[in-house]
Amino acid sequence: MTKFSLVRRSFSPRVVTACAFATALLTMPIAAQAQTLGYAAMQPQFYPQDQAYSQGYASEAPQAADEDAVLPDRLRRQIVSFDRNEPAGTIVIDTANTYLYYVLGNGRALRYGVGVGREGFTWSGVQSVSRKAEWPDWHPPAEMIARQPYLPRFVAGGPGNPLGARAMYLGSSEYRIHGTNDPTTIGKFVSSGCIRLTNEDVTDLFSRVSVGAKVVVLPKNAPLMARGGDPVRRRPVVTTLHSGRQALNISASSVD
């Protein structure tokens, strides 16, 4: 009898109620527990910069909703007359005036605004597209790292990558035609020799260009080769100096 009465006391109504309440809490979702106990459930906070860090970018340049909106009219993609004798599919870089022409044939070309090499880094010559890549990784060349030791040795492809959305590699050189995460640099002399377009424009060009396409990069003081473009651009006028030698008068706008 003694043992039986002790067992009955251990299961008193108060203990049974407490056990039932604890069991209910353990099976209840955390948010519901908080509400039951009188606390407001805390909502997780998300900050946009966290996504950039989680993708491996220290910072991610904001992308314009419409990159054309940040470009002056002359740098926006447009079809123009073109009188240079190059076959359709050729790319011609007008370094002096920061234009890239994709030759359509029949006297026409698709013109894009570009950023080109800064002072001391412009170049000229003929190359061909040896490779194409979407959202390419960036491996700064040794020469660039020697000049700027603080640069990373590798940046994975993505919105924070300085090569932008697409890249077309030129021969075996270190030069590329590529996009950019900073469309405000289009129309300027800013790069170490690469040709950059907005991500919208480089994606359009990428879809047209084939591997093996010829790329002609004109020197900074090259004469105008396209018609129907800027009215301020004129072919250089030949004048005679007192010594009998000839000189080219080139407007400042085609040199800067």
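Histidine 178 is placed in strand E8, where helices (H or I, at least four residues) and strands (E, at least two) are DSSP runs numbered from the N terminus. With a relative accessible area of 5%, histidine 178 is buried, a word that means under 20% relative accessible area, whereas exposed means over 50% and partly exposed lies in between (1.4 Å probe, protein chains only). When its neighbours within four places in sequence are left aside, histidine 178 is in contact with Pro162, Leu163, Arg166, Ala167, Cys194, Ile195, Arg196, Leu197 and Val202, contact being defined as heavy atoms within 4.5 Å. The model is predicted, so that local features need pLDDT of at least 70 and side-chain atom pairs count only at pLDDT 80 or more, while totals for chains, interfaces and linings use all residues. Residues are numbered from 1 along each chain as its sequence is written, and side-chain values use heavy atoms, with hydrogens and water left out.

The secondary structure of the protein chain comes to 6 helices and 13 strands, and of its 256 residues 38% count as buried. Among contacts between residues at least 6 apart in sequence, 64% join residues at least 24 apart.

An open sheet is formed by 9 strands in the order E1-E4-E3-E2-E11-E6-E7-E8-E10, with mixed pairing; two strands are taken to pair if DSSP finds at least two bridges between them. Strand E1 (78-81) and strand E10 (195-196) stand at the edges with a single partner strand each, so one side of each is left without a neighbour in the sheet. Helix H6 (residues 199-208) packs on the sheet and touches strand E2 (91-94), strand E3 (99-105), strand E4 (108-113), E6, strand E7 (166-170) and strand E8 (176-178), and its direction makes about 55° with that of E7; these axes are lines fitted to C-alpha atoms, for helices over the stretch in contact, and the angles run from 0 to 180 degrees between N-to-C directions.

Strands of a sheet pair through backbone hydrogen bonds, either parallel or antiparallel. Both senses occur at strand E11 (residues 214-218), which pairs with strand E6 (residues 125-134) in the antiparallel sense over 4 bridges and with E2 in the parallel sense over 4 bridges. Of the 5 residues of E11, 4 are buried, so the strand is largely enclosed by the rest of the structure.

Rolling a probe the size of a water molecule over the atoms shows where empty space is left. On a 1 Å grid over the protein atoms alone, a cavity is a set of points where a 1.4 Å probe fits but cannot get out, a pocket is an open set with protein on both sides within 12 Å along at least five of seven lines, and lining residues have an atom within 4 Å of a point. Grid points are joined across faces, edges and corners, and a volume is the space filled by probe spheres set on the points. The largest pocket holds about 430 Å³ of space. It is lined by 25 residues, of which Trp138, Met144, Ser191, Ser192 and Cys194 are the closest to its centre. Helix H5 (142-147), E8 and strand E9 (189-191) each supply at least two residues of this lining, and H5 gives the most, with 3 residues. The structure also holds 1 cavity of 30 Å³ or more; the largest cavity has a volume of about 40 Å³, and among the residues that line it are Ile93, Phe121, Trp123, Ile195 and Val217.

Threonine 98, in the loop between E2 and E3, has a positive phi near 50°, and at 2% relative accessibility threonine 98 counts as buried. Asparagine 106, in the loop between E3 and E4, likewise has a positive phi, of about 55°, but at 80% relative accessibility asparagine 106 counts as exposed. Aspartate 83, in the loop between E1 and E2, is partly exposed, with a relative accessible area of 33%, and the C-alpha atoms of aspartate 83 and alanine 109, 26 residues apart along the chain, are separated by 9.1 Å.
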